[in-house]
Amino acid sequence: MGVLTSKGSEAILYLTIGSAKIKYKLPLRSESINQRADTLTSEAILGNRAFPSATITRRVYEGSIDVELFDVTENVTTPTYAHELLGILYWTIAGNYSSNSVSWNTTAPKIDFIEISHDGKSIYYKDCYVTGFSWRFPSDAVPTATIDVRATSEQDTAPTGYTVDRTDISYNKFYNSKHFSFLVGTTQITTVRNFEMSLSQNVIDGVKFGSLDVAYVEPTNTDLATINIEFYIPDTATDMSLSNTLNSAVGTAWDGGTSLTSDLKLTINSPTNDGTNATLAISDAVVTEYTHDISANDFIIGRASFRAPASGITLSGVTIKS
């Protein structure tokens, strides 16, 4: 008798984006969506040393999926799909796709189903909302993204009606640092070595009489985005202020306690179609922290943290096949 190994595992998203019903395979690194039961215990004073019993109050389905960021862009003049994986991932938290851009929607997006398959044996999590979203673009490693999700239920039967089948994607070129440019407004910052952005969406759920399964999962609001940038402090800096180590516009905002008047931008070039760029633009960011670290004889690294409203973050230059 054999045992399952992860080499046969897959994660597939079932999405409704506009009128398109899309089935999309992810370049999975790890997955930990699991079933969990919450319990109640009585606190009645019965003269005993231990609580007498416990009971289950609800069953929830939640966890995370970690993926590597591969490029999915056609090598043609007008791609049918461009930076598609980036667009799909950001849509799961932002929710609006229009005119080759993913931006914030007043209604939270829902992942219809998430299929987790091991050697063809699948489980399907239904009506999933993203509770946490993050991606990381380092200079010395494969970029990754993580989505944390909560689902209303699970089932063993496959959903039907998803006519845009993107499970045959050939993931063979991932992004690396030569594809990234970080800008403040129009000024490129060449000393950046890592860029991270994360969002947390508050999701509530409820159980009704007669069932232990969660009956309702409802997103409420989304916290401010957190952006962290690590950069080498250049030897041309005349002092250790943000104005001289990173950018004068960032330093002015930090000194004045105001939001930046320029967007933070991460431009991502396609490894498969050079010159086809996606741009993540972040508006109205405020600097919340600035540190520098000294460790042995290593380079001195600066770290700047920002907070920004989710409604001001747009990913443009992406095309999702529909």
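## Close-up views of a predicted model

**View 1. Asp66 and Arg136 meet in a salt bridge**. In this predicted model, the closest N and O atoms of the two residues are 3.2 Å apart. Asp66 lies in strand E5 and Arg136 in strand E9 (residues 121-138), so the bridge ties together parts that are 70 residues apart in sequence. Asp66 is buried, at 13% relative accessibility. Arg136 is partly exposed, with a relative accessible area of 22%.

**View 2. Strand E5 also carries Glu68, which forms a salt bridge with Arg29**. Here the closest N and O atoms are 2.6 Å apart. Strand E5 spans residues 54-68, and Arg29 sits in strand E3 (residues 28-31). The two partners are 39 residues apart and link distant parts of the chain. Arg29 is partly exposed, with a relative accessible area of 45%.

View 3. Arg166 counts as buried, at 6% relative accessibility. Glu84 is buried too, with a relative accessible area of 1%.

**View 4. A network of salt bridges joins six side chains.** Arg36, Asp38, Arg58, Glu62, Arg150 and Asp205 are connected by salt bridges that share partners. In total, the structure has 14 salt bridges.

**View 5. Phe182 and Phe195 form a tilted aromatic pair**. Their ring centres are 6.0 Å apart and their planes stand at 40°, so the pair counts as tilted. Phe182 is in strand E12 (residues 180-184) and Phe195 in strand E14 (residues 192-206), 13 residues apart. Phe182 is buried, with a relative accessible area of 4%. Phe195 is buried as well, at 2% relative accessibility. Both residues belong to one aromatic cluster, together with Tyr90, Phe133, Trp135, Phe137, Tyr175 and Phe180. The structure holds 16 aromatic pairs.

**View 6. Tyr232 and Phe299 meet edge-to-face**. The ring centres are 5.5 Å apart and the planes stand at 75°, so the pair is edge-to-face. Tyr232 is in strand E16 (residues 225-232). Phe299 is in the loop between strand E19 (286-293) and strand E20 (301-308), 67 residues from Tyr232. Tyr232 is partly exposed, with a relative accessible area of 31%. Phe299 is exposed, at 59% relative accessibility.

**View 7. Seven strands form an open antiparallel sheet**. Their order is E6-E7-E21-E18-E17-E12-E13. Strand E6 (95-98) and strand E13 (187-189) stand at the edges with a single partner strand each, so one side of each has no neighbour in the sheet. Neighbouring strands are turned by 25° against each other on average, direction ignored. Within the sheet, 5 bridges join E12 to strand E17 (residues 264-269). Phe180 stands opposite Ile268 in E17.

**View 8. Helix H1 lies across strands of the sheet**. The helix covers residues 84-94. The strands it lies across are E6, E7 (101-104), E17, E18 (277-282) and E21 (313-316). H1 runs at about 15° to E7.

Technical notes:
Residues are numbered from 1 along each chain as its sequence is written. This is a predicted model: local features need pLDDT of at least 70, side-chain atom pairs count only at pLDDT 80 or more; totals for chains, interfaces and linings use all residues. Side-chain values use heavy atoms; hydrogens and water are left out. Rings of Phe, Tyr and Trp (its six-membered ring) pair if their centres lie within 6.5 Å; planes under 30 degrees apart count as stacked, over 60 as edge-to-face and the rest as tilted. Helices (H or I, at least four residues) and strands (E, at least two) are DSSP runs, numbered from the N terminus. Buried means under 20% relative accessible area, exposed over 50%, partly exposed in between (1.4 Å probe, protein chains only). Two strands pair if DSSP finds at least two bridges between them. Axes are lines fitted to C-alpha atoms, for helices over the stretch in contact, and angles run from 0 to 180 degrees between N-to-C directions. Contact means heavy atoms within 4.5 Å. A salt bridge is a side-chain nitrogen of Lys or Arg within 4 Å of a carboxyl oxygen of Asp or Glu.
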